[in-house]
Amino acid sequence: MKNNLTRKCIETLAIQSAYHFCVSIGIKPGLRNLSMITGFSEERILEILENEFSNQSVKTEDHSF
């Protein structure tokens with residue numbers, strides 16, 4: 001069975017991979033570097049990270065009940 005990743009998941013994985021790449025070659029994983037590696041705009045990276053963070057916060061809150 002073939003699993004399909006959502007666009008949101010692929011974008012998040014691209015940013016995570018770019019982050020690890022920056023760390024592995026010894027450069028700062030800042031917005032500009034992540035943008036150059038992924039091809040996403042700095043604004044888009046912030047949106048993706050904000051959405052990912054807010055989703056994790058909601059999941060954490062759900063488990064606290």
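Mentor: Let's start with a term: a residue is buried under 20% relative accessible area, exposed over 50%, and partly exposed in between, using a 1.4 Å probe and protein chains only. Keep in mind that this is a predicted model, where local features need pLDDT of at least 70, side-chain atom pairs count only at pLDDT 80 or more, and totals for chains, interfaces and linings use all residues. Residues are numbered from 1 along each chain as its sequence is written, and side-chain values use heavy atoms, with hydrogens and water left out.

Trainee: Okay, so is Arg44 buried, exposed or partly exposed?

Mentor: Arg44 has 28% relative accessibility, so it counts as partly exposed.

Trainee: And how many salt bridges does the structure hold?

Mentor: A salt bridge is a side-chain nitrogen of Lys or Arg within 4 Å of a carboxyl oxygen of Asp or Glu. The structure has four of them. In one, Arg44 meets Glu11, with 2.7 Å from N to O. That pair ties together distant parts of the chain, since Glu11 is in helix α1 and Arg44 is in helix α3 (residues 42–63), 33 residues apart. Helices here are DSSP runs (H or I, at least four residues), numbered from the N terminus.

Trainee: Which residues are linked with Glu11 and Arg44 in a network of salt bridges?

Mentor: Arg7 and Glu47 join them in that network. Arg7 pairs with Glu11, their closest N and O atoms being 3.2 Å apart. Those two share helix α1 and sit four residues apart, about one turn of the helix. Glu11 is buried because its relative accessibility is 7%, whereas Arg7 is exposed at 65%. At the other end, Arg44 bridges to Glu47 at 3.0 Å, N to O. Both belong to helix α3, three residues apart, again about one turn. Glu47 is partly exposed, at 39%.

Trainee: What describes two packed helices?

Mentor: You use the angle between their axes and the distance between the axes. Axes are lines fitted to C-alpha atoms, for helices over the stretch in contact, and angles run from 0 to 180 degrees between N-to-C directions. Here, the axes of α1 (residues 7–25) and α2 (residues 31–38) come within 9 Å and cross at roughly 115°.

Trainee: Which residues of α1 and α2 make the contact?

Mentor: Contact means heavy atoms within 4.5 Å. From α1 come Ala14, Ile15, Ala18, Tyr19, Phe21 and Cys22, and from α2 come Asn33, Leu34, Ile37 and Thr38.
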